[in-house]
Every structure is written in structure tokens, then in C-alpha cells.
Amino acid sequence: MTTKNAPHRAGRHFLHIPGPTPVPDRILRAIDQQVIDHRGPEFQVLAKSVLSGIKTIFKTTQPVLIYPASGTGAWESALVNTMSPGDHVLMVETGQFASLWHKMAIKLGLVPHLIETDWRSGVDASVIEAKLDADASHTIKAVCVVHSETSTGVLSNIAAVRHAMNRANHPALLMVDTISSLGSADYRHDEWGVDVTIGGSQKGLMLPPGLSFNAISTKALEASQSAKLPRAFWSWTEMLASNETGFFPYTPATNLLYGLQEAITILNEEGLDNVFARHIRHGEAARRAVAAWGLTLQCVNPAEYSPVLTTVQVPAGCDADHLREVTLRHFDLSLGMGLARLKGKVFRIGHLGDCNDLSLMAALTGVEMGLALAGIPYKQGGVDAAMAYLVESASNSSTKAGVTIAA
């Protein structure tokens with residue numbers, strides 16, 4: 001990427017971290033409008049449009065609140081609106097972002113019970129069920145899990161978690177972080193019985209960072225009436241009251257709302273099922289490249305492969321950050337770094353948001369060339385394996401649609 005006072009670099013920058021993701025031109029053009037009066041009728045039309053439209057992405061008929069904040073703000077909003085000081089919450093440490101949410105709970109005066117993992121697996125619903133079965137007094141007020149753990153490339157089964165909670169007949173709220181999965185992986189707020197879903201703008205929604213979301217159930221809203229943690233900026237009550245008439249209780253991020261309106265349109269034009277299928281296909285192509293290179297995935301269970309990113313271990317004694325430096329310097333390709341305990345041990349390939357076959361192939365090509373330049377032991381052929389799969393799957397898709405591809 002060209003920076004100020006640096007020589008010009010030809011071509012585009014390949015941003016393949018798992019968020020923020022590249023912003024499509026249509027969304028950039030939507031954002032590039034003059035600011036309007038956020039108390040006027042024109043804004044009211046915009047707000048009502050996005051407040052209604054975003055529900056289709058969460059697959060909910062319940063309210064979705066939009067904050068001018070990062071996903072971290074949406075974590076806090078979920079907790080402070082439903083919990084009281086000293087409340088117990090059950091959390092699963094599937095990776096760095098689950099760990100950060102856990103640390104936030106402690107700072108807010110909650111008492112988290114942490115289920116630790118090896119950061120290579122998703123949420124084990126049976127463990128949650130056992131913990132809730134043992135909580136006969138219903139001390140635990142919420143179960144907090146991450147859907148797609150962005151640090152590890154692991155996707156957890158949220159429907160299984162809800163079934164486990166139902167089998168335990170436990171009244172705890174279910175809170176789910178979908179910051180990297182919203183708009184990229186199949187997610188169903190209502191059908192899966194989620195009480196608070198947390199989202200962010202800068203990944204599957206293809207927007208710049210700056211918006212976060214809480215989708216809330218009736219049960220969560222009822223819990224907020226008696227919750228005692230202090231909240232002002234994050235108050236659901238004030239937000240819902242203003243949203244009812246198409247406004248916000250404070251100055252909103254108007255231009256990002258223009259972009260959100262366009263993002264919702266784009267996702268619905270492609271069709272959410274098609275969006276999810278595209279991400280699954282790209283995830284499989286990336287994993288085939290990794291297998292051909294002879295490298296190891298961080299995620300160990302194929303049923304838990306996240307379709308939005310692929311986290312790859314480098315061999316012992318190698319430095320994943322050196323590889324990332326090489327790919328950026330030589331090919332203008334940004335890869336995700338390893339976080340916390342995974343620092344230097346893994347790199348992450350983002351293939352979410354506005355990503356197509358050629359974008360993915362460019363990233364995988366950059367990785368394969370980078371492995372060679374960085375001196376990391378690998379086998380050639382990863383790019384070929386990914387390309388063969390993409391061609392095969394595209395051909396199969398065209399055949400099913402009644403289109404014949406000439407030999």
C-alpha cells in the first residue's frame with residue numbers, strides 16, 4: 001500500500017485480513033454524499049430504511065439497534081443493558097476475541113465463568129449444558145459465545161448451544177458475537193433463539209469500521225428493565241424510543257448509514273443464501289491450497305471451519321509475521337496476524353465480504369510466493385489446487401443452472 005512520501009506502487013492493494021474488508025465502489029459512492037440534518041425528514045426516511053433493512057441480515061423481526069461504535073461497543077451494550085453488578089455469566093474462550101469479551105465482563109463488575117479451549121475448536125454445547133444443569137439456583141444470567149472466532153477461523157454451532165440451554169431448562173440469556181460472520185455465514189437470530197446478537201460494520205457488511213449492532217429479543221428487552229449496570233450512551237431504552245420515530249438519541253454516523261443502506265441492498269441483490277454459498281466455496285478453496293502446501297489449519301474440526309477466513313499455522317521455528325512482512329513488501333498483500341498466544345505462529349487469510357474468485361486467487365498466489373521468499377518449508381501446488389477446485393465448482397454450478405461451458 002502506498003503511504004505518504006513513499007514511492008508509487010502500481011496496481012491495487014490486496015487487503016486479505018479478516019476485517020476490515022475492502023469497501024465496494026457502490027458503498028463508497030453511497031457514503032460520498034453531503035451530510036444532512038439528522039433531525040429532518042430526509043434523515044428520517046434513511047433511518048427507517050436501514051433500521052428495517054438490517055433485520056433481514058440478522059434474520060429477525062425484532063429490533064436491531066445501531067451504534068456509532070466498533071464491535072467492542074456492541075459487546076458492552078449487550079452486557080450493560082441486561083446485567084447487574086455481580087451477575088454471573090458463562091463464557092467460552094474459543095480465541096482472542098472471546099477472551100477480550102471475557103476481560104470486559106470482569107471490568108464491568110460481572111463474574112464470568114470461563115470455559116477454556118485449545119483455541120482450535122468451537123463451543124462444545126454439551127459442556128454448556130452440563131454447566132447449566134449444575135446451576136440449580138440459576139445464578140448464571142447469560143451465556144456468551146462467539147459465532148465465527150476471527151483469531152482462529154473456527155465457526156461454532158449456535159443452534160446446538162440453544163438446544164443445550166433448552167435441554168437444561170435454564171433461563172439464562174444467549175448472547176452471540178457475529179462480528180466476523182454477519183453477512184458472511186448463515187446466521188438466524190430468531191430461529192436459533194438468540195437473545196442478543198452483536199455485529200459490526202467492517203467485515204461481511206463491507207463498510208468501513210464505525211457501526212455496531214445489537215439485535216435484541218423480547219426476553220432481553222425485559223431483562224433490561226431490571227438490569228442495574230450503569231448505561232447512558234448504550235441505553236436501549238433511549239435508542240428504541242428515538243428509533244420508533246426514525247431518529248437517534250444523539251448525533252448518528254449519517255454517512256455510514258448511507259453506506260449501510262447500500263450494503264443491505266447489495267447483499268439482498270445477491271441473495272443471502274448465495275452470499276453464504278460463495279463464502280463456503282472460497283473457504284474450501286483456501287483450505288485446499290493449505291493442504292497442498294503441506295501446512296496445518298488452526299481449526300481441527302472440519303464441521304467448524306469458518307467460511308470467512310482461514311487461519312494457517314507455520315512450521316515450528318518459522319515466523320508467520322516475517323511471512324506477512326514479505327507478502328506486504330513484495331506483493332502489496334496484507335494478511336492477518338496471529339493474536340495473543342498465536343502471535344508469530346499463524347497467519348490469517350480473509351476471504352469475506354466483497355471477495356470474488358480472482359481476488360481469492362490473487363491472495364493465495366501471494367501467499368505461495370511469500371512462502372518461498374520467506375524460506376518457510378512448503379510444497380508447491382497450493383494455488384493449482386485452489387484454482388482446480390474453483391473451476392470445478394463453477395462448472396458444476398453452471399451445469400446445474402443449465403449453462404454449458406465450452407471445452
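1. In this predicted model, the residues lining the largest pocket divide into 11 that are nonpolar, 4 that are polar and 4 that are charged. The lining comprises 19 residues, and those that lie nearest the centre of the pocket are Leu155, Ala303, Glu304, Tyr305 and Pro307. The space in this largest pocket comes to about 320 Å³.

2. As for the elements around the largest pocket, helix H6 (158-167) and helix H10 (272-293) are the ones that give two or more residues to its lining. Of the elements, H10 gives the most, with 5 residues in the lining of the largest pocket.

3. Turning to the sheet, 7 strands form an open arrangement in the order E2-E10-E9-E8-E5-E3-E4, with mixed pairing. Strand E2 (64-67) and strand E4 (111-116) stand at the edges and have a single partner strand each, which means that one side of each is left without a neighbour in the sheet. From one strand to the next, the twist averages 20°.

4. Helix H2 (residues 41-58) packs on it, touching E2, strand E9 (196-200) and E10, and the direction of H2 makes about 110° with that of E2. Helix H3 (residues 71-80) lies across E2, strand E5 (140-146), strand E8 (173-177), E9 and E10, and runs at about 165° to E9.

Key:
Residues are numbered from 1 along each chain as its sequence is written. This is a predicted model: local features need pLDDT of at least 70, side-chain atom pairs count only at pLDDT 80 or more; totals for chains, interfaces and linings use all residues. Side-chain values use heavy atoms; hydrogens and water are left out. Two strands pair if DSSP finds at least two bridges between them. Helices (H or I, at least four residues) and strands (E, at least two) are DSSP runs, numbered from the N terminus. Axes are lines fitted to C-alpha atoms, for helices over the stretch in contact, and angles run from 0 to 180 degrees between N-to-C directions. Contact means heavy atoms within 4.5 Å. On a 1 Å grid over the protein atoms alone, a cavity is a set of points where a 1.4 Å probe fits but cannot get out, and a pocket is an open set with protein on both sides within 12 Å along at least five of seven lines; lining residues have an atom within 4 Å of a point. Grid points are joined across faces, edges and corners, and a volume is the space filled by probe spheres set on the points. Ala, Val, Leu, Ile, Met, Phe, Trp, Tyr, Cys and Pro count as nonpolar, Asp, Glu, Lys and Arg as charged, and the others, Gly among them, as polar.
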